[in-house]
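Subject: Structure handover and findings

Hello,

Please find the structure below. Notes on what was found in it follow.

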Amino acid sequence: MVKSMTGYGRGEDTVNGCTITVELRSVNNRYLDCNVRIPRLYLFAEEAVKARVQSVISRGKVDVFVTMDSAGAGQVRVTVNRAAADGYHAALKELAELYGLSDDFSVSLLSRFPEVLLAEKAEEDVEQRARDICAVLDKALADFDGMRTREGQRLQEDILARAAAIEEKVALVEARSPQTVAEYRARLEERMSEVLANTQLEPARILTEAAIFADKVAVDEETVRLRSHIAQLRELLSRGGAVGRKLDFLIQEFNREANTIGSKCSDIDIARQVVDIKAEIEKIREQVQNIE
């Protein structure tokens, strides 16, 4: 199954006391361009995130947004600064003795002085945290991949329908092409009869001229190649995977054959079919631009 390059996915989970949210968004791009936006404190996980994305996605401009909520109590450690507390306690006792005051200070009073209580963020296991982020990323990638697959299915169905329409028009060109030679021969005989009047026409000369014209306007090779390209298009779509670049190149070959048919044939009916074929090819080309 082919996949679209455009998509969106989201994953969220609470792991080891931290709520992690990962969102992915992608648009068309010739190559893979992955940009990760992650809180500065967790930049150590950026390369792991990019590596995981690259293992799943081969083309497209992908933006990854990582948000972290680690406000849990387990993330903060509070300790007593003994040196500062001892200093404040001694100073308070000295004040009480010096001025004959009652010794009425309490723990709550002492704890209000600067630097007595120290709040520190607990040291994190960066490798474990990177694994946590990647685990949530996998959920977002699964959601993202599901959306791309559904869109890819729609693209494939539309492309195959247009390829079938091109085949129908190619069949009309193939049926009409021999008729143009016969009509040319009839017109040639009529014109030569008018010019030569009572002179007997040489059948060999007529056949030669008709053969030259038939060779000049023959599109058998082009229609055979065009049918071969359509078969290859179907094969690539059925194979699935990252076939977008190959399809893009193949559509260029479609255009080349259609242009050659158009340049060879001056018949108005064939010209109409060629215009329709090129219109379908252009629509397929637009769709192929969305395939990974």
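Is K139 buried, partly exposed or exposed? At 42% relative accessibility, K139 counts as partly exposed; buried means under 20% relative accessible area, exposed over 50%, and partly exposed in between (1.4 Å probe, protein chains only).

Before the rest, the conventions. This is a predicted model, in which local features need pLDDT of at least 70 and side-chain atom pairs count only at pLDDT 80 or more, while totals for chains, interfaces and linings use all residues. Residues are numbered from 1 along each chain as its sequence is written, and side-chain values use heavy atoms, with hydrogens and water left out.

Salt bridges

A salt bridge here is a side-chain nitrogen of Lys or Arg within 4 Å of a carboxyl oxygen of Asp or Glu. By this rule the count comes to 25 salt bridges. One of them joins K139 to D13, with 3.1 Å from N to O. This pair links distant parts of the chain, as K139 is in helix α4 (residues 126–196) and D13 is in strand β1 (residues 7–15), 126 residues apart. Helices (H or I, at least four residues) and strands (E, at least two) are DSSP runs, numbered from the N terminus. D13 is partly exposed, at a relative accessible area of 29%.

D63 and R25 also meet through their side chains in a salt bridge, at 3.9 Å from N to O. This pair too links distant parts of the chain: D63 belongs to strand β4 (residues 60–69) and R25 to strand β2, 38 residues apart. D63 is buried, with a relative accessible area of 12%, whereas R25 is partly exposed at 44%.

A further salt bridge is formed by E235 and R239, whose closest N and O atoms are 2.8 Å apart. These two residues are 4 apart in helix α6 (residues 220–239), so about one helical turn separates E235 from R239. Both are partly exposed: E235 has a relative accessible area of 36%, and R239 stands at 46%.

Aromatic pairs

Rings of Phe, Tyr and Trp (its six-membered ring) pair if their centres lie within 6.5 Å; planes under 30 degrees apart count as stacked, over 60 as edge-to-face and the rest as tilted. A search of the whole structure finds 2 aromatic pairs. Y42 and F44 have ring centres 6.0 Å apart and planes at 55°, so this pair is tilted. Y42 is buried at 3% relative accessibility, while F44 is partly exposed at 34%.

Y88 and F113 make a stacked pair, with 4.6 Å centre to centre and 15° between the planes. The partners come from distant parts of the chain: Y88 lies in helix α2 and F113 in the loop between α3 and β6 (117–121), 25 residues apart. Y88 is partly exposed, at 28% relative accessibility, and so is F113, at 26%.

Surface patches

Patches are made of residues with over 30% relative accessible area and no salt bridge: like charges are joined within 9 Å, and nonpolar side chains (Val, Leu, Ile, Met, Phe, Trp, Tyr) within 5 Å. Accessible areas come from the Shrake-Rupley method with a 1.4 Å probe; for residues, only the protein chains shown count as cover. Lys and Arg count as positive and Asp and Glu as negative, with His and the chain ends not counted. A charge is placed at NZ of Lys, CZ of Arg, CG of Asp or CD of Glu.

A negative patch is formed by E94, E97, D103 and D104. Of these residues, D104 lies in the loop between α2 (82–99) and α3 (107–111), and D104 is exposed at 61% relative accessibility. L95, L98, Y99 and L101 make a nonpolar patch of about 460 Å². L95 is located in helix α2 and is partly exposed, with a relative accessible area of 42%.

Contacts across the sequence

C18 is in strand β2 (residues 18–27) and is buried, at 0% relative accessibility. C18 and D69 are 51 residues apart in sequence and 5.6 Å apart in space, C-alpha to C-alpha. P39 sits in the loop between β3 (32–37) and α1 (46–56) and is partly exposed at 28%.

Regards
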